[in-house]
Amino acid sequence: MAVLEQYAPSAPLNVSQVRWSRLRNLVLIAIGLAVTGTILVYLISGGVVLLKASGMVTREHIAIGAPFQETRVRQVFVRPGDRVEAGQKIALVESTSVSRTLAELAVEKARLNTRIGAIETRQAAIGTLLPAAEANATQAQAYLDKISGASRNGLVVDKLLTDMTSAAFAAAEKHQSLKAERVSLAGELATYQNALKEVSDTYESLQRAYAGGALYAPVAGYVGSKVMSAGAVLGPGGSDIATIYTGPSFILAYLPDSYLFDLKAGQRVYVRSYAQSIIGVVEDLLPVTDAMPPEFQIPGDVRQRGQVFKISIPEGISLPLDQKVKISTCYFNMCDSGAGILQKVMSRIMNYIERIEGYVR
């Protein structure tokens with residue numbers, strides 16, 4: 001009896017331990033199979049079943065450049081990351097071609113003004129001479145008429161008649177010449193005035209656009225990471241002195257061509273960056289394809305392209321510009337905060353798999 005009492009309490013305990021050990025092994029085997037299955041699906045599908053896209057954080061941006069040839073940067077008043085307001089001076093440039101064009105236009109304006117001044121002076125002189133010429137022509141014609149009448153009566157010699165005829169003709173010619181010149185000068189003056197207006201408008205327009213070489217920020221925002229230094233010369237193709245990012249941040253991502261399922265606007269996706277993980281919303285699928293940035297290209301592989309889609313970032317979330325991110329589907333449709341732990345675990349597994357893929361390649 002003592003022997004039975006000694007071993008009786010331990011029997012149920014041994015059975016419980018065996019059952020718990022078996023259950024634990026089954027759970028571990030199930031988890032291992034699930035992870036192995038996930039890895040196989042991920043590796044075999046290559047983004048066909050599970051969404052695996054790359055993206056970059058950005059904002060609406062405006063490039064600040066000089067639309068002039070032969071341009072050199074004299075001064076730069078901002079640094080990367082600076083906050084700028086609309087109308088703030090960004091840089092000061094000088095363009096040899098613009099300066100030369102402005103000088104040529106100024107010379108042309110001076111020439112046209114000189115010519116217009118000469119025409120107006122001649123018009124004033126004609127205005128003074130024309131009444132006298134008209135009176136002289138009238139008087140010479142009247143005197144010629146008298147001499148012609150006297151000549152018919154034999155009272156005047158022919159030479160006087162001939163001389164008077166020549167004088168009357170010269171006076172009439174002078175009068176008509178002045179009248180014709182006045183009309184011609186009026187047309188020439190109008191032509192030169194129109195030309196002066198066009199040259200002046202071009203000069204003022206170019207001067208306003210050049211603004212002494214000062215470049216201003218059209219909108220408020222933040223200066224990008226690339227700012228041209230003073231003394232740099234812009235090439236023939238042109239380049240940006242600085243870039244201003246404005247408005248809320250969003251993500252531009254590239255949808256793989258191999259992805260079989262439709263990605264729709266309003267769909268939630270999981271976004272992973274180096275610093276944090278967030279839930280984004282597909283805002284729009286842009287009707288364009290573009291080559292993925294060099295940061296996402298695999299060295300020695302064919303250059304990859306993808307359809308561009310836009311992902312909105314929740315308010316209050318701050319992600320640095322040009323931050324690379326990875327986009328994936330919310331596994332098991334668990335995008336809510338309650339499934340955050342499972343989502344993070346799956347994301348870590350996928351990140352580990354991506355590292356394995358990188359080593360294999």
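This is a predicted model: local features need pLDDT of at least 70, side-chain atom pairs count only at pLDDT 80 or more; totals for chains, interfaces and linings use all residues.
Local features are given only where pLDDT is at least 70 and side-chain atom pairs only at pLDDT 80 or more, whereas totals for chains, interfaces and linings use all residues. Residues are numbered from 1 along each chain as its sequence is written, and side-chain values use heavy atoms, without hydrogens and water.

Strands of a sheet pair through backbone hydrogen bonds, in a parallel or an antiparallel manner. Here, three strands form an open sheet in the order S2-S4-S5, with antiparallel pairing. Strands are DSSP runs of E with at least two residues, and helices are runs of H or I with at least four, both numbered from the N terminus; two strands pair if DSSP finds at least two bridges between them. Strand S2 (71-76) and strand S5 (214-216) are the edge strands, each pairing on one side only. Strand S4 (residues 89-95) is joined to S5 over 3 bridges in the antiparallel sense, and Lys 89 stands opposite Tyr 216 in S5.

Strand S1 (52-65) and strand S7 (240-255) each supply at least two lining residues of the second largest pocket. A pocket is an open set of points on a 1 Å grid over the protein atoms alone, with protein on both sides within 12 Å along at least five of seven lines, and lining residues have an atom within 4 Å of a point. The lining comprises 14 residues, with Met 56, Thr 58, His 61, Tyr 245 and Asp 322 nearest the centre.

Asp 322 lies in the loop between strand S10 (305-312) and strand S11 (324-329). Its phi is positive, near 65°, in a residue other than glycine. Ala 211, in the loop between helix H4 (158-210) and S5, likewise has a positive phi, of about 50°, although it is not a glycine. Ala 211 counts as partly exposed because its relative accessibility is 36%; Asp 322 counts as partly exposed at 38%.

Key:
On a 1 Å grid over the protein atoms alone, a cavity is a set of points where a 1.4 Å probe fits but cannot get out, and a pocket is an open set with protein on both sides within 12 Å along at least five of seven lines; lining residues have an atom within 4 Å of a point. Buried means under 20% relative accessible area, exposed over 50%, partly exposed in between (1.4 Å probe, protein chains only).
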